[in-house]
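Open the model in your viewer and keep the selection tool ready. Each stop below says what to pick and what you will find there.

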Amino acid sequence: MQKRIIIIGAGFAGMYAALSAARLREAQGVAPEKLQIALVAPEPTLTIRPRLYEAKPETLGAPLGEVLAAVDVVYVQGRAEKIDTRARSVKIAPAAGRPHVLGYDRLVLASGSELFRPEIPGLSEFAFSVDTLADAIALDRHLQGLAVRPTSEARNTVVVAGGGFTGIEVATEMPARLRTILGEEARPRVVIVERNAAIARDMGEAPRPVIEKALRDLGIETQMGVGVSGVDRGGVMLSDGRRIESSTVIWAAGMRAAPLAAQIPAEHDNSGRLIVDRELRVPGVPGVFATGDAAKAASDDLGNFALMSCQHATRMGAFAGNNAAAELLGVRPVAYRQEAYVTCLDLGAAGAVFTRGWDRKVELVGDAAKKLKHEINTVWIYPPRADRAAALAAAEPVRVTDL
Ligand SMILES: Cc1cc2nc3c(=O)[nH]c(=O)nc-3n(C[C@H](O)[C@H](O)[C@H](O)COP(=O)(O)OP(=O)(O)OC[C@H]3O[C@@H](n4cnc5c(N)ncnc54)[C@H](O)[C@@H]3O)c2cc1C
């Protein structure tokens, strides 16, 4: 009888889970008729989320149909609505037609993350974001539309709420984007509003001077130690009572696991991620693995944990897919390990900063770091070619390239 692995999500983790399960299936000489690998997602497209702060966001989806077909992974169009871990089934709602139920022998939850939007008046109606392809396209259209509005303080001002990784990348790209749209004479103003006392708090001390200098060089203002208390069509209210007139408020403050993870009856962390074991199984829920931004996993023996990042999702996906297949093929699963950890933060026209290690030692700045960021963003994070051997080789969990 045919067995089935269902993978939910076509992000970095889901894509590598599918390829990796297919790799092990082939390595064991098992035909797709004996072990089906089905990937469920609304689109057969990998959204290149790490690039959504850039201009031309409509170009930032990479098609997956051919590469999945090349390795005999079945793409199932739809959104997973309900997971029944007792019956081992998933209810799938397609874009058109009625929902249907698919049974699984192993489930890999790779449903990723979403921007967290707290209950702040006006936030959901008036604030933009760069969380999804649709969000980034909506922001870009809005920015393009500013060109035909009469000049005003609000038109020329962009407020970015959140001074973490994403907020800094959006903000540092913005002066050049605005100058292209509004012209040099518009003198665009970009303001980062950050509740913490320090910019890029999660990145630690080492890269901060580089980031602060980049913000100064680009003329980006920072309002530190203050939160956003309200957003409307014409601006943003700050928690200290001040107001900034702005037609463009971008919310970039915090991620949470996508809601589907909450359906798995197991322990979750504060970000809604499922806490998984070293082989990325969800303890106490037979047959279920979680990976990428949907999972919290130890990445080494030193107490470090995978972050919500493309870097970790890609690798975790490869381990989760391998291990789900391994259990069905009678092969020993492999413990997830990812000791190398780097960051490469884009700083717009001021270059970039590249760090290595959990203490984020700065290794490259300026143009050298920017060149590396460009290579990461345009080559490394894209799906492998739709060539069976190349795609399967790219997904070997212990061989996925470390920097
Ligand atoms: C602007 C921005 C910049 C970033 N920069 C970096 C960076 O420089 N470096 C870095 O490492 N990371 C970066 N990240 C984070 C990185 O993009 C994420 O950590 C990564 O996308 C996580 O991959 P994932 O596969 O776990 O989830 P996702 O990429 O979120 O993919 C989840 C998938 O699951 C699907 N899905 C969700 N719910 C369902 C459902 N119910 N049914 C079916 N499918 C579902 C989604 O449609 C999607 O296909 C950035 C993110 C953003 C937004």
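Select Asp217 first. In this predicted model, Asp217 has a relative accessibility of 52% and counts as exposed. The cut-off for exposed is over 50%.

Lys213 is partly exposed, with a relative accessible area of 44%.

Colour strand E12, residues 189–194, and strand E13, residues 221–224. How do E12 and E13 pair, parallel or antiparallel? The pairing is parallel, over 4 bridges. For one of these contacts, select Ile192: its bridge partner in E13 is Thr222. Together, E12, H6 and E13 form a β-α-β unit, and the unit is right-handed.

Move on to the next sheet. Select strands E14, E15 and E16. They make an open sheet of 3 strands, in the order E14-E15-E16, with antiparallel pairing. Which strands are at the edges? They are E14 (228–232) and E16 (243–245), and each of them pairs on one side only. On average, neighbouring strands of this sheet are turned by 15° against each other, direction ignored.

Zoom in on E15, residues 235–238. E15 is joined to E16 by 3 bridges, and the two strands run antiparallel. Pick Met237, and opposite it in E16 you find Arg243.

Back to charged side chains. Side chains of opposite charge can pair when their charged atoms come close. How many salt bridges does the structure have? The count comes to 28.

Select Glu396 and Arg23. They form a salt bridge, and their closest N and O atoms are 3.9 Å apart. Glu396 sits in the segment after helix H9 (388–394), while Arg23 is in helix H1 (residues 12–27), so this pair ties together parts that are 373 residues apart in sequence. Are these two residues buried or exposed? Both Glu396 and Arg23 are buried.

For another setting, select Arg179 and Glu184. This pair also forms a salt bridge, with the closest N and O atoms 3.6 Å apart. Arg179 is partly exposed, at a relative accessible area of 32%. Glu184 is exposed, at 57%.

Next, select five residues at once: Arg106, Asp277, Glu279, Arg281 and Glu327. Salt bridges link them in a network.

End with the cysteines. A disulfide is a covalent bond between the sulfur atoms of two cysteines. How many disulfides does the structure hold? The number is 0. To see why, select Cys310 and Cys344. From the sulfur of Cys310, the closest cysteine sulfur is the one in Cys344, 12 Å away, which is too far for a bond. The cut-off for a disulfide is within 2.5 Å. Seen from the other end, Cys344 has its closest cysteine sulfur in Cys310, again 12 Å away and too far for a bond. Check their surroundings too. Cys310 counts as buried at 17% relative accessibility, and Cys344 counts as buried at 7%.

Note on methods:
Residues are numbered from 1 along each chain as its sequence is written. This is a predicted model: local features need pLDDT of at least 70, side-chain atom pairs count only at pLDDT 80 or more; totals for chains, interfaces and linings use all residues. Side-chain values use heavy atoms; hydrogens and water are left out. Buried means under 20% relative accessible area, exposed over 50%, partly exposed in between (1.4 Å probe, protein chains only). Two strands pair if DSSP finds at least two bridges between them. Axes are lines fitted to C-alpha atoms, for helices over the stretch in contact, and angles run from 0 to 180 degrees between N-to-C directions. A salt bridge is a side-chain nitrogen of Lys or Arg within 4 Å of a carboxyl oxygen of Asp or Glu. A crossover is right-handed if, with the strands pointing away from the viewer, the path from the first strand over the helix to the second runs clockwise.
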